[in-house]
Amino acid sequence: MKLSRYLPVLDWGRRYSRHTLVNDLVAALIVTIMLIPQSLAYAMLAGLPLQVGLYASILPLIVYAVFGTSRTLAVGPVAILSLMTAAAAGRIAEPGSALYIEAALILAILAGVILLVMGVFRMGFLANFLSHPVVSGFITASGLIIAASQLKHIMGVDASGHNLLELLISLGRQLPQIHVPTLAIGGSSLVFLFWARSQLKPLLTRLGLNTRLATIIARAGPVFAVVASILAVALLQLDEVGVRILREVPTDLPRLSVPSLDPAIWQQLIGSAALIALIGFVESVSVAKTLAAKRRQSVDPDQEMIGLGMSSLAAGLSSGYPVTGGLARSAVNFDAGAETPAAGAFTAIGIALATLFLTPFLFFLPQAVLAATIIVAVLSLVDLAAIRQVFVYSRTDFAAMVVTIGLTLAFGVELGVSAGVVLSLVLHLYNTSRPHFARVGIVPGTHHFRNEDRHDVILSKSVLILRVDESLYFANARFLEDMVYQEIHDRPDIRHLVLMCPAVNAIDASALESLEAINLRLKESGIALHLSEVKGPVMDRLERTHFLDELTGRVFLHQYEALEALDPDCAFSARHAPDGRALDYHI
């Protein structure tokens, strides 16, 4: 059992059956057909030789089948990591150069090692620092940049830029140079792919196909576009009029090798690799959990880190580049009936066979079609509606999201996501340093205590009850003191202060010191300090200190118990209030 914790294949492999084998083989065949053009497209996006995309779809998939916990996650190149790889490797060398390729391999190895270490030491919680608004904003901005960067292939022009504005300006200057045959192929591919994504499944369903088969065919739209464009270019000889095609794609399988060991390059890339590792993990585990929930299965995040880390490490050692679980191919794998990670291993075999025997048939594949495939894939990730939703719900999260989007669009992916993470943490610290406190009273006719600003409650003249709605730690300890002293100053008749702690999950040393200071100062003013509804783990820690011995009041299990002990008249009044209405007592 302990060994299967790190090698999940030992768990599901014991129950592997012929029926499962058939389902995995069918799913692998379908995913292989889809993954071939997708791997080529993402390698082009990353600025790498096209075969590198295929190489990144072979050994990593086999390794994940051994170490991964998701039954249906399909690992391989994805758009976001391809963009991040291009941005990081582009600082080292020119795209397509030998050193540039070496940098991509190093990124894969570093990202793999980072994930592996985090998984072994159960440090998956670090990924929680990438808040959903930051990740959503980053993916939205990255999707726009990727789509804009691929328009040059659709238009058949040369354009470049390090951010969205530069890309758009460069494309605008090239408008007079648009290559019409390329635009015709790229534009028609875009129209078809967008139509296939939204309309093909309903059409097939109306024609009588079952939902599962219609879904798979609709998601295989890029394959149809690839086949049709290859035939069109070959038959019409469009390459001779300037349509850019793939031409020869090497048919060799990847070789195991270690990239350059120049420490200067590794040091330059480690920060980028850490971001690639975290972004890839967050994207992958989100997909894995979503698919697992549909079958009532589970995913172990820490083991997923190990599985993805080993996969990325395998990619770097087998001439690939950083990989993670992809949404589109995982959804196809799920819909096609994959039951175990073995489907990924079979997909790897299919990609290897395609690399050896099918790549010559891709000679006439237009680059514009691969670009169209990328554009349609990434624009599905752009979620502009989420910006409005976050704005309505939380101004703090909205600020982090907008900063992430703005900086990613203006300065690139790494600065954008880094700034978003930092701002999220800063805003979190600010908000928790000024936590919500409520003056509460008892709801007439009940044992419930609620905020006096929101409910008609009965208040005690001699007992002040403050509900603390945040854990207490160094950042808000001083705020706690100031708030208590201000409340006491405004109420000279108070003889008891009760801190109601149902939302306090922890009290650190700084907060404990503040509580001791409050207890001492209130004692000097003739006011007793009490606590109520303290959680067990918090109480366990307090019992290991002298604070409870020096506490001038008591610790109550329930707030109603505290009110009955400290102000019986108020408790009696609340208990006998008719129809839940407060009596004159609370005026």
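Among the contacts in the protein between residues at least 6 apart in sequence, 79% join residues that are at least 24 apart, where contact means heavy atoms within 4.5 Å. The model is a predicted one, in which local features need pLDDT of at least 70 and side-chain atom pairs count only at pLDDT 80 or more, whereas totals for chains, interfaces and linings use all residues. Residues are numbered from 1 along each chain as its sequence is written, and side-chain values use heavy atoms, with hydrogens and water left out.

The secondary structure comes to 26 helices and eight strands, with helices (H or I, at least four residues) and strands (E, at least two) taken as DSSP runs and numbered from the N terminus. Along its principal axes, the C-alpha trace spans about 95 × 60 × 60 Å. Of the 587 residues in the protein, 53% are buried, a term that stands for under 20% relative accessible area, while exposed stands for over 50% and partly exposed for the range in between (1.4 Å probe, protein chains only).

The interior was described in terms of nonpolar cores, each being a set of buried Ala, Val, Leu, Ile, Met, Phe, Trp, Tyr and Cys residues joined through side-chain atoms within 4.5 Å. The largest nonpolar core has 113 residues, and those with the most contacts inside it are Leu40, Met84, Leu269 and Leu365. Helix α13 (residues 263-294) supplies the largest share of this core, 16 residues. When residues up to four places away in sequence are not counted, Leu269 touches Ala88, Ile92, Ala103, Ile106, Leu107 and Leu110. A second, separate core has 31 residues, including Leu466, Tyr485, Ile507 and Met539.

Empty space was examined next. Rolling a probe the size of a water molecule over the atoms shows where such space is left. On a 1 Å grid over the protein atoms alone, a cavity is a set of points where a 1.4 Å probe fits but cannot get out, a pocket is an open set with protein on both sides within 12 Å along at least five of seven lines, and lining residues have an atom within 4 Å of a point. Grid points are joined across faces, edges and corners, and a volume is the space filled by probe spheres set on the points.

The largest pocket has a volume of about 870 Å³. It is lined by 29 residues, of which Leu83, Ala86, Ala87, Gly161 and His162 are the closest to its centre. Two or more lining residues come from each of α3 (18-45), α6 (79-89), α8 (132-155), α9 (164-173) and α20 (413-433), and α8 gives the most, with six residues. By class, this lining has 17 nonpolar, nine polar and three charged residues, where Ala, Val, Leu, Ile, Met, Phe, Trp, Tyr, Cys and Pro count as nonpolar, Asp, Glu, Lys and Arg as charged, and the others, Gly among them, as polar.

The second largest pocket holds about 620 Å³ of space, and of the 28 residues that line this pocket, Met34, Arg197, Ala328, Ala377 and Ser380 are the closest to its centre. The elements that give two or more residues to its lining are α3, α10 (180-206), α11 (211-219), α12 (221-236), α15 (327-335) and α17 (367-379). The lining of the second largest pocket divides into 17 nonpolar, six polar and five charged residues.

Three cavities of 30 Å³ or more were found in a search of the whole structure, and the largest cavity holds about 90 Å³ of space. Among the residues that line the largest cavity are Val31, Tyr64, Asn333 and Thr347. The elements giving two or more residues to this lining are α5 (59-67) and α16 (342-357), with α5 giving the most, three residues. The lining of the largest cavity has eight nonpolar, three polar and no charged residues.

Individual residues were also considered. With a disulfide taken as a pair of cysteine sulfur atoms within 2.5 Å, the count comes to zero disulfides. The sulfur of Cys570 is 19 Å from the closest cysteine sulfur, in Cys501, and is therefore too far for a bond. Cys501 counts as buried because its relative accessibility is 7%, and Cys570 counts as buried at 0%.

Ser514 is found in helix α22 (residues 509-524) and counts as buried at 5% relative accessibility. Leaving out residues up to four places away in sequence, Ser514 touches Ala477, Arg478 and Glu481. Ser318, by contrast, lies in the loop between α14 (301-317) and β2 (324-325), and is buried with a relative accessible area of 2%.
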